[in-house]
Amino acid sequence: MSRVGKKVITLPAGVTVSVKDATVTVKGGKGELSRTLPEGISVSIEESNLTVNRADDSRKLRALHGTNRSLLANMVEGVSKGFTKELEIVGVGFKAAVKGKDLDLALGKSHPILHPIPAGLTVTVTDNTKVKVEGIDKQLVGQFAAEVRGYYPPEPYKGKGVHYVGEHIRRKEGKSVGK
C-alpha cells in the first residue's frame, strides 16, 4: 500500500467536497476546483476526512494512488489557504509591471516581454522588482512562476536574472588574470 496514498486528508472548516461519478469537486472560501479521477481510483468521505482508495494492487493503480491523493490534498489546501510564489528580479534596469492582463517585463532585451496572466491568478508587483503570484491551483501558480523565471534565469557570475525568493544561486568566480 502506498504510504502517501494511505494518508487521510482532513478537511478544514468551510471546505466541502462532492463526488459525482469520477469527478471530485472541492469548494472553499477562495474558490472551487474539480478533478476527474482515473478509472480504479475512488474517494470516500467520512465526516471531515477524505480517503483515496484503489480497486486493486496493479502497478498502474499503485502509481496513481499516491499521486491522486496528493493532487486532492493540494486542491483542499488551495481553496482554503491558496498558494503563493514570490520572484525577485536582479539587475540594473530590470523591472516588472502589471499592465491590464499582462505582466510587462524589462529584462535587458531590445524589447519588453509581455507575458499573459492566466485566469485564476493574481499577480502583484512591488518595488518594480518583486513579483508575487497567488492562486488556488498549485500547478498553475508554479507553472506561471517558472515561465517568468525562464525568460532570464539567474546567471552564476553576477547573479542577474529572475529567481525565486529564498533560492540559493551558486556563484562562480569568473576569470582571473594570469601572469
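The following legends describe close-up views of a predicted model. Residue numbers start from 1 along each chain as its sequence is written, and side-chain values use heavy atoms, with hydrogens and water left out. Because the model is predicted, local features need pLDDT of at least 70 and side-chain atom pairs count only at pLDDT 80 or more, whereas totals for chains, interfaces and linings use all residues.

**View 1. The aromatic pair F94 and Y152.** A search of the whole structure finds 1 aromatic pair. The ring centres of F94 and Y152 are 5.1 Å apart and the planes stand at 65 degrees, so the pair is edge-to-face. Rings of Phe, Tyr and Trp (its six-membered ring) are paired if their centres lie within 6.5 Å; planes under 30 degrees apart count as stacked, over 60 as edge-to-face, and the rest as tilted. Distant parts of the chain are linked by this pair, its two residues being 58 residues apart. F94 belongs to the loop between β7 (83–90) and β8 (95–99), and Y152 to the loop between α3 (138–150) and β13 (161–164). Helices (H or I, at least four residues) and strands (E, at least two) are DSSP runs, numbered from the N terminus. F94 has 7% relative accessibility and therefore counts as buried. Buried means under 20% relative accessible area, exposed over 50%, and partly exposed in between (1.4 Å probe, protein chains only).

**View 2. K85 over the ring of Y164.** The charged end of K85 is placed over the Y164 ring, 5.1 Å from the ring centre. A charge sits over a ring if NZ of Lys or CZ of Arg is within 6 Å of the ring centre and within 35 degrees of the ring normal.

**View 3. The largest pocket and its lining.** The volume of the largest pocket is about 200 Å³. Its lining consists of L33, S34, R35, L71, N74, M75, F83, I136, D137, K138 and Q139. Two or more lining residues come from each of β4 (32–36), α2 (59–80) and α3. By class, 5 nonpolar, 3 polar and 3 charged residues make up the lining. Ala, Val, Leu, Ile, Met, Phe, Trp, Tyr, Cys and Pro count as nonpolar, Asp, Glu, Lys and Arg as charged, and the others, Gly among them, as polar. On a 1 Å grid over the protein atoms alone, a cavity is a set of points where a 1.4 Å probe fits but cannot get out, and a pocket is an open set with protein on both sides within 12 Å along at least five of seven lines; lining residues have an atom within 4 Å of a point. Grid points are joined across faces, edges and corners, and a volume is the space filled by probe spheres set on the points.

**View 4. S18 and T23 in contact.** S18 lies in strand β2 (residues 16–20), and T23 in strand β3 (residues 23–27). Leaving out residues up to four places away in sequence, S18 touches T23, V24 and T25, while T23 touches S18, S34, R35 and T36. Contact means heavy atoms within 4.5 Å. Both residues are partly exposed, S18 with a relative accessible area of 38% and T23 at 29% relative accessibility.

View 5. S42 counts as partly exposed at 35% relative accessibility. Apart from neighbours within four places in sequence, S42 contacts L37, T51, V52 and N53. From S42 to H65, 23 residues away in sequence, the C-alpha to C-alpha distance is 9.2 Å.

**View 6. Positive phi at E47 and D127.** Most residues other than glycine have a negative phi. E47, not a glycine, has a positive phi of about 55 degrees, and D127, likewise not a glycine, has one of about 60 degrees. E47 is placed in the loop between β5 and β6 (49–54), and D127 in the loop between β11 (121–126) and β12 (130–135). E47 is exposed, with a relative accessible area of 82%; D127 is also exposed, with 61%.
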